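Me: Hi! Could you walk me through the charged side chains in this one?

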Amino acid sequence: MPAESIDPVRIGDSYYLAADGAVAAKPYVLRQALERSSKVAVAKYAWHNRERLGLLRIKEDAIVLHSLKWPDEIRSPESLLPKPVPVADEEIEAAVDLMEAMAVEDLSGFRDHYRAALEDLIRAKAEGAKPEGAQPEPAAARRRPHVRTARIRESHARPAARSRPRGRRGRR
């Protein structure tokens, strides 16, 4: 089927497939057939004891499996649509101009700054250094662990004594 006929909302995780065993003796037949036809294949497969739907396509000479959501797994956007309001053509043109000014041709310039900061934090902790911007521990956290454990046990014991039913006159 043509790749354009698949709604991107249905596409989930992606996996590179590798041939293994006698069953996959000729994996290149499928790869070459998909390349020659410039189409994608839809296949059923089992994953975590469940039948799944997948999309097979070629990327850089490798077969890629994209998991697909079943139609009943996709929420209808009807309840999320905003109420129609009048919008002037000038506003739409300004929005189009802004989009064109902010457009990028290549996604390679985007970086995951959160992950980089997390890796720096893990590296610093592994080296025994205190991470930058770390707040000093509050006094309560510096108490000895056995004192905190005892207080936790006490707090858990108290509610058990109050768990008996209270009548009208027994209210506190």
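Here is a short chat about salt bridges and surface charge.

Me: Before we start, what kind of model is this?
Reply: It is a predicted model.

Me: Good to know. How many salt bridges does the structure hold?
Reply: There are 6 salt bridges in the structure.

Me: Let's take R50 and E73. How far apart is that salt bridge, N to O?
Reply: The side chains of R50 and E73 meet at 2.8 Å, N to O.

Me: Switching to helix 1: where do E35 and R31 sit in it?
Reply: E35 and R31 are 4 residues apart in helix 1 (residues 27–37), about one turn of the helix. Their side chains form a salt bridge of 3.3 Å, N to O.

Me: Is R31 buried or exposed?
Reply: R31 is buried, with a relative accessible area of 13%. E35, at 34%, counts as partly exposed.

Me: Which residues are linked with R31 in a network of salt bridges?
Reply: E35 and D61 are linked with R31 in that network.

Me: New topic: which residues gather in the patch of negative charge on the surface?
Reply: The patch is made up of D89, E90, E91, E93, D97 and E100. One of them, E91, lies in helix 2 (residues 89–102).

Notes:
Residues numbered from 1 in each chain as written. Predicted model: local features only at pLDDT ≥ 70, side-chain atom pairs only at ≥ 80, totals over all residues. Heavy atoms only, no water. Patch = residues over 30% accessible without salt bridge, like charges linked within 9 Å, V, L, I, M, F, W, Y side chains within 5 Å. Areas by Shrake-Rupley, 256 points an atom, 1.4 Å probe, with all protein chains shown as cover. Salt bridge = Lys/Arg side-chain N within 4 Å of Asp/Glu carboxyl O. Lys, Arg positive; Asp, Glu negative; His and termini not counted. Charge placed at Lys NZ, Arg CZ, Asp CG, Glu CD. Helix = DSSP H or I, 4+ residues; strand = E, 2+ residues; numbered from the N terminus. Buried < 20%, exposed > 50% of the residue type's maximum accessible area, 1.4 Å probe, protein only.
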